[in-house]
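Welcome! Take a moment to look at the sequence and turn the 3D view around, and then we will walk through it together.

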Amino acid sequence: MENCCKTCVHFITHYVLTGEKYIPIDLGHCIFPRIKPRDALTKACSHFSQSEKTDTETNT
Ligand code: SF4
């Protein structure tokens with residue numbers, strides 16, 4: 001699979017509250033080199049750096 005924002009160390013996942021539980025969604029924001037909204041499946045840019053997060057942590 002091609003690298004995308006959700007597997008990048010700079011991607012911050014957003015969550016929604018459903019009842020008493022927070023559920024990760026496929027939207028978030030990037031914090032490098034500036035804060036900007038991103039879809040989790042956005043194609044990786046030149047600032048991409050592989051995250052150590054597991055698939056569960058990246059909500060795949
Ligand atoms: S926009 Fe680039 S630096 Fe930001 S999360 Fe996506 S791949 Fe990473």
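This is a predicted model: local features need pLDDT of at least 70, side-chain atom pairs count only at pLDDT 80 or more; totals for chains, interfaces and linings use all residues.

Let us begin with A40, which counts as buried because its relative accessibility is 0%. Buried here means under 20% relative accessible area, exposed means over 50%, and partly exposed lies in between, using a 1.4 Å probe and protein chains only. You will find A40 in the segment after β3. Leaving out residues up to four places away in sequence, A40 touches C4, C5, K6, F11 and D26; a contact means heavy atoms within 4.5 Å. A40 and D26 are 14 residues apart in sequence, yet their C-alpha atoms are 5.0 Å apart in space.

Residues are numbered from 1 along each chain as its sequence is written, and side-chain values use heavy atoms, with hydrogens and water left out.

**The overall fold**

The chain has zero helices and three strands, so its elements, read from the N terminus, run β-β-β. Helices (H or I, at least four residues) and strands (E, at least two) are DSSP runs, numbered from the N terminus. β2 and β3 pair in the antiparallel sense over four bridges, where pairing requires that DSSP finds at least two bridges between two strands. A hairpin of five residues joins β2 to β3, and L27 stands opposite D39 in β3.

Of the 60 residues in the chain, 25% are buried. Among contacts with a separation of 6 or more, 49% are between residues 24 or more positions apart.

**Cysteines and a distant pair**

How many disulfides does the structure hold? It holds zero, a disulfide being a pair of cysteine sulfur atoms within 2.5 Å. In general, a disulfide is a covalent bond between the sulfur atoms of two cysteines. C5 is found in the segment before β1. Setting aside neighbours within four places in sequence, C5 is in contact with F11, R38, D39, A40 and T42. The C-alpha atoms of C5 and C45 are separated by 8.1 Å, although the two residues are 40 residues apart along the chain.

| Residue | Relative accessible area | Class |
|---|---|---|
| C5 | 12% | buried |
| C8 | 8% | buried |
| I31 | 41% | partly exposed |

**On the surface**

The structure holds one salt bridge, meaning a side-chain nitrogen of Lys or Arg within 4 Å of a carboxyl oxygen of Asp or Glu. E2 and K43 form this bridge, with their closest N and O atoms 3.8 Å apart. The pair links distant parts of the chain: E2 is in the segment before β1 (11-18) and K43 in the segment after β3 (36-39), 41 residues apart. Are these two residues buried or exposed? Both E2 and K43 are exposed.

Accessible areas come from the Shrake-Rupley method with a 1.4 Å probe, and for residues only the protein chains shown count as cover. The chain exposes about 4,400 Å², with carbon and sulfur atoms supplying 57% of it.
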